[in-house]
Every structure is written in C-alpha cells, then in structure tokens.
Amino acid sequence: MKEVIEKISKNYDSFYLYDEKGIHKSIENLIKNFPGVDFLYSVKCNPNRQVLKSIFSKGIGADAASLNEVLLAKECGLCKDQIYYSAPGKTIKDLKIAMGNATIIADSLSEIEKINSIAKERKTIEKIGVRINPNFGFYQKEKTPSKFGIDEDEFLNFLNETLSNIKIVGIHVHLHSQELKIEVLENYYKQVISLARRIKAQIGSIEFLNMGSGIGINYSQQDEAIDIETLGVITEQIVQEFKNENAKTKIFIETGRYLVGKSGYYITKVLDKKKSCGQTYIILKNTLNGFIRPSIERMVLEKNPNSSSSEPLFTGKNSFSFSTLKEDSTEVVNLVGNLCTATDVIAENIELPILEEGDLIIINNAGSYAAVLSPMQFSSQEKPGEIFLRKNGEIIE
Ligand SMILES: *Cc1c(COP(=O)(O)O)cnc(C)c1O
C-alpha cells in the first residue's frame, strides 16, 4: 500500500484511495455469515463507479436514494429487480423514470396514489414496496414521529382501500445506522419480522422484506468492531423461522458503510509549514473541503464534548486517525488546510513524525460518507482525485 500511495501522490496533492481487496473481504464476510439474507448496497455512501461495479459484480443489489442513483446502478450493471428506490419526496418525474428501472419503495400515502395514477395512464399494474414507520423504535419500545415512511397503523388502515393499478409486494424499514451492539440489532430484527407478520396477515404474501441498515463499523480505537459471525448466527435464527413459513420472501439487509467505510483512505500532501506564537502549523491540501468529517468532528466536540452521533456527518470522538509514511522523531503539530477560513482544522496538538513539504498525511475510515459529503466547490480549489486500487494491483484513476 505504501508504494501505491507514493506513486499516486506524484500526480495528486490530495486523493481518495479505495481498496477493492478490503471491499470484497467485507462482502464475503456478510455473504458467508448470512446465508438466508440478500444484501443491498446503499449507493449514497459512495457512488464511485469503480466501487459500484466492483460491489455489484459480487451479487449485491442497490439501495438507491435518488433517481440518479437508480440510473447509476443501472449503468453499472444492475437490472430492475436488483434496484430498490427508497427516498422521501420523489417527484412525478422521478417516479415516471424510475418505473421500469427500479422497484419503487413508496414513502407516503400520497406517493402511493401518484404511482397508481401513473400506472393507470400506462395501463399497467406497478408492483411496489412501502417504507413503514413501525410501532416500535430502534432503542425504545415506543414508536417515534418520522419524516420517513408511513406510520404502521395508518398503513394497515389504508390497506382497506383499493387502488387498481398498484400491488404492494414489499416492506422496507430503516430506523438507524452505525450500531455496534449485537443485542440492539437482534431486538430490531425480531421486531421487523413481527411487523412483517402483521402486514402479511393483511396482504396475503410478501415478495420482499427489507430490514434496512444498522450494522456499524469501528471508527475510533475505543469502538469494538461488531462480531459479524455471531450477528450472522443470531440473524439466521430470526430470519429462518420466517422463511420457513414464507419460502418465497426475499429478505434484504442494506449496508453502505460496512462494505466500504474502512477500505477508503484520504491522502493529503503537506503544502507548507510554519510557526506562530510557539505553535507549529502543517498546512495541507484540501482538508475541510476535501474530506469534511474530521473538521466537523472537531467543531462539534469543541461546542459540546458529550455530543452524540449525528450520522452521517458526525460519529464521535477520534473517529479518524492521522498517520504518515515517515518514520522520524516526532513533534507536536496542528493539522490545518489551505482554505481561507479558520475552521479548516483537522487536528490540534497531535504528535507526528517531523513533516516537511511534500510529505503525506493519511486519514482512515474515508470510504463512506466522505467524498460525497465534502464541500468541494468551496473556494474553487482543485478537487481531490478518486483512485480505485484493483485486487490485482491495477490503479484506476
Ligand atoms: C443511508 C441509508 C442506509 C445506509 O446506512 P449505512 O449506515 O451506511 O449502512 C441504508 N438504508 C437507508 C434507508 C439509508 O437511508
């Protein structure tokens, strides 16, 4: 990896590096441990085309959060029944183009009606899924108000109405991301299965049950990585019972960060170094604007040290670490960026090997919610590169 990074850095002052080997390892880990579950990749966390093609080639479908993500997934090799389009506020145009290219997950009752009228005009019957805001929470028993989906009770009442041109064939629930406790996920999956039973009792059969995401990754050194093997065993037990009664129902789990989060690195070059009032500043290329999350973390924790996660913008303390390829005696420095704003700081008073102009800083956990969230238009800076490292060592720019 060191040689690859050095080689790429000859052409780029800042870049993301996505490692296919790591991505495929995560995929294999899930497939091996969850034989009764199919997986969908949440495109929004990293829509890089090489990443998409690589993931889809392993039999993973797409969880698309916009019409453009539907079309991107199609371009990268998936067909209609492998793409699930779930998002609030889809426009008529979104719906018209998405019908025929994806399975639409309706997010509100009015959206169901819109799909029904489009299908009526086209004299077709559209099979859709529905996102449900269930009568339970992720951490607590009680339901909570949400902008996502249709409240469970409201949906069950709605099933008494007949709409001629839609058929509801699937259910989608997603309440939370970045969970590291197996017991919490276990309880959540059990609740989703019981919801599926309540709905099935009314609609007869279900073609797919999408249990959403939740599986987290270890960001800081204090985080304990989730034991996927154990989670797999527990999930299989929960899912198998349902599958025994519903042999034809496909069960999905969605995941973005688990597949790519830890296989992405952000690399930035030292542009200048200076001292001010006894402090040493290392000025780096494209920090806040190239990979926003380390600077946000610092800002959030400065205002409120006990702040809890606001995914996907802020996870928690020390979610990202900074390393260099140098081995040298160390000094205490501040890592800042080249923007004309004082908030462009990614680390203060950290100890690193003595850096000089041209040296590199490598930030980990940069595979998901990284390039896509960063304000790269700000200050009209040259954008970071996005580089894909194939399993065979080939570097794709
Ligand atoms: C963003 C999102 C995901 C992906 O979450 P990860 O934590 O990256 O796995 C899955 N499902 C839905 C509905 C989402 O909005």
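1. Asn 318 counts as partly exposed, at 44% relative accessibility; the class covers values between buried, under 20% relative accessible area, and exposed, over 50% (1.4 Å probe, protein chains only). Asn 318 has a positive phi of about 55 degrees although it is not a glycine, and its place is the loop between H11 and E13. Helices (H or I, at least four residues) and strands (E, at least two) are DSSP runs, numbered from the N terminus.

2. On provenance: this is a predicted model, in which local features need pLDDT of at least 70 and side-chain atom pairs count only at pLDDT 80 or more, while totals for chains, interfaces and linings use all residues. Residues are numbered from 1 along each chain as its sequence is written, and side-chain values use heavy atoms, with hydrogens and water left out.

3. A further backbone point concerns Asn 286, which has a positive phi of about 45 degrees although it is not a glycine. Asn 286 lies in the loop between strand E12 (279-284) and H11, and is buried, with a relative accessible area of 0%. Most residues other than glycine have a negative phi, and most peptide bonds are trans.

4. The peptide bond that joins Glu 311 and Pro 312 is cis, with omega about 0 degrees. Pro 312 is found in the loop between helix H11 (293-303) and strand E13 (322-324). The side chain of Glu 311 meets that of Arg 257 in a salt bridge (3.0 Å, N to O); the term denotes a side-chain nitrogen of Lys or Arg within 4 Å of a carboxyl oxygen of Asp or Glu. This pair links distant parts of the chain, 54 residues apart, with Arg 257 in helix H10 (residues 257-260). Glu 311 is partly exposed, with a relative accessible area of 22%, whereas Arg 257 is buried at 4%.

5. Which side chain of opposite charge is nearest to the buried Glu 297? Arg 293 is the nearest, 7.0 Å away, and Glu 297 has no salt bridge; Lys and Arg count as positive and Asp and Glu as negative, while His and the chain ends are not counted. A polar atom of the Glu 297 side chain does lie 3.3 Å from the backbone nitrogen of Ser 319. Leaving aside neighbours within four places in sequence, Glu 297 is in contact (heavy atoms within 4.5 Å) with Phe 314, Gly 316, Lys 317, Asn 318, Ser 319 and Phe 320.

6. Asp 94, in helix H5 (residues 92-98), is likewise buried without a salt bridge; the nearest side chain of opposite charge, Lys 93, is 6.0 Å away. Not counting residues up to four places away in sequence, Asp 94 touches Leu 67, Tyr 85 and Gly 89.

7. The structure holds 22 salt bridges. One of them joins the side chains of Asp 13 and Lys 269 (3.0 Å, N to O). That pair spans 256 residues, from the loop between helix H1 (2-8) and strand E1 (14-19) to strand E11 (residues 264-276). Asp 13 is partly exposed, at 31% relative accessible area, and Lys 269 is buried, at 13%.

8. Lys 90 and Glu 111 also meet in a salt bridge (2.6 Å, N to O). Lys 90 lies in the loop between E4 and H5 and Glu 111 in helix H6 (residues 109-121), so the pair ties together parts that are 21 residues apart in sequence. Both Lys 90 and Glu 111 are buried.

9. Strand E5 (residues 103-106) is covered on both faces: Thr 103 and Ile 105 on one side, and Ile 104 and Ala 106 on the other, are all buried. E5 runs parallel to strand E4 (residues 83-86), joined by three bridges; strands pair if DSSP finds at least two bridges between them. Tyr 84 stands opposite Thr 103 in E5.

10. The disulfide count comes to zero, a disulfide being a pair of cysteine sulfur atoms within 2.5 Å. For Cys 45, the nearest cysteine sulfur is that of Cys 76, 14 Å away. Cys 45 is buried, at 1% relative accessibility. The sulfur of Cys 76 is also the nearest to that of Cys 79, 14 Å away, and Cys 79 is partly exposed, with a relative accessible area of 41%.

Technical notes. Polar contact = N/O pair within 3.5 Å; in protein donor to acceptor, adjacent residues only side chain to side chain.
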